[in-house]
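Good morning, and thank you for coming.

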Amino acid sequence: RLSGDFVRLLSDLSLPDGFVFKENVVAEGCLYVGDRCHFGKSLKVLGDVAVGFGVVIDENLVVEGNVNVLDEVVIGGSVDARGDVRLGEKVFVGGSVVSGGYVELFENCEVVAGVFPSRGAVRVLKVPTIEFPSAIEDVG
């Protein structure tokens, strides 16, 4: 614990599914966040971060490395990364996305205040569509 409002995580770490923090979190290394975790304030990672399915971060995500966010994640504030940023399907960011590299996101993501890569490009991916056969005779 850094203070009453901060929790410090030492070294590289993998958080289990469903983990909850009410405080600001500083991770001193790379971090994997399991599915459906909740951060009641901001998350700062001094390495790379992978954010699991259905995670909620109420405030900002600040990362010294690369960011890989899986599907259906809610980030109430902004994403600020020195490396590349990848946002999965149905990700909501209440602020902006600022990246030191490229940004890759799906067309069904919502970023309220804009996407700003300092070098590199923004790549928007289409959501794959699956067509099912309408009758058993259509199955090859």
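Let us begin with Phe21, which counts as buried because its relative accessibility is 7%. Buried here means under 20% relative accessible area, exposed means over 50%, and partly exposed lies in between, with a 1.4 Å probe and protein chains only. Please bear in mind that this is a predicted model, in which local features need pLDDT of at least 70 and side-chain atom pairs count only at pLDDT 80 or more, while totals for chains, interfaces and linings use all residues. Residues are numbered from 1 along each chain as its sequence is written, and side-chain values use heavy atoms, with hydrogens and water left out.

Which residue stacks with Phe21? The partner is Phe39, with 5.4 Å from centre to centre and 15° between the planes. Rings of Phe, Tyr and Trp (its six-membered ring) pair if their centres lie within 6.5 Å; planes under 30 degrees apart count as stacked, over 60 as edge-to-face, and the rest as tilted. This pair links distant parts of the chain, since Phe21 belongs to strand S3 and Phe39 to strand S6, 18 residues apart. Strands are DSSP runs of E with at least two residues, numbered from the N terminus. Like Phe21, Phe39 is buried.

The structure holds two aromatic pairs. In the other, Phe19 and Phe21 are tilted, at 5.1 Å centre to centre and 50° between the planes. Phe19 has a relative accessibility of 35%, and therefore counts as partly exposed.

Phe39 leads us to the core. The largest nonpolar core has 35 residues, and those touching the most other members are Leu31, Val33, Phe39, Leu43 and Leu87. Such a core is a set of buried Ala, Val, Leu, Ile, Met, Phe, Trp, Tyr and Cys residues joined through side-chain atoms within 4.5 Å. Strand S17, residues 103-106, gives the most to this core, with three residues. Leaving out residues up to four places away in sequence, Leu31 touches Leu9, Leu13, Leu15, Leu43, Val45, Asp48, Val49 and Ala50; contact means heavy atoms within 4.5 Å.

I turn now to the sheets. Six strands form an open, parallel sheet in the order S3-S6-S9-S12-S15-S18. Strand S3 (20-21) and strand S18 (110-111) each have a single partner strand, so one side of each is left without a neighbour in the sheet. Two strands pair if DSSP finds at least two bridges between them. S3 and S6 (residues 38-39) pair over two bridges in the parallel sense, and Val20 has His38 as its bridge partner in S6.

Glu110 is partly exposed, with a relative accessible area of 45%. Setting aside residues up to four places away in sequence, Glu110 touches Val91, Phe92 and Val93.

Another open sheet, also parallel, has seven strands in the order S1-S4-S7-S10-S13-S16-S19. Its edge strands are S1 (6-10) and S19 (115-117), each pairing on one side only. Within this sheet, three bridges join S7 (residues 43-45) to S10 (residues 61-63), and Leu43 has Leu61 as its bridge partner in S10.

Finally, what is the burial state of Asn24? Asn24, found in strand S4 (residues 24-28), counts as buried at 11% relative accessibility. Beyond its neighbours within four places in sequence, Asn24 is in contact with Asp5, Phe6, Val7, Lys41, Ser42 and Glu59.

Conventions. Helix = DSSP H or I, 4+ residues; strand = E, 2+ residues; numbered from the N terminus.
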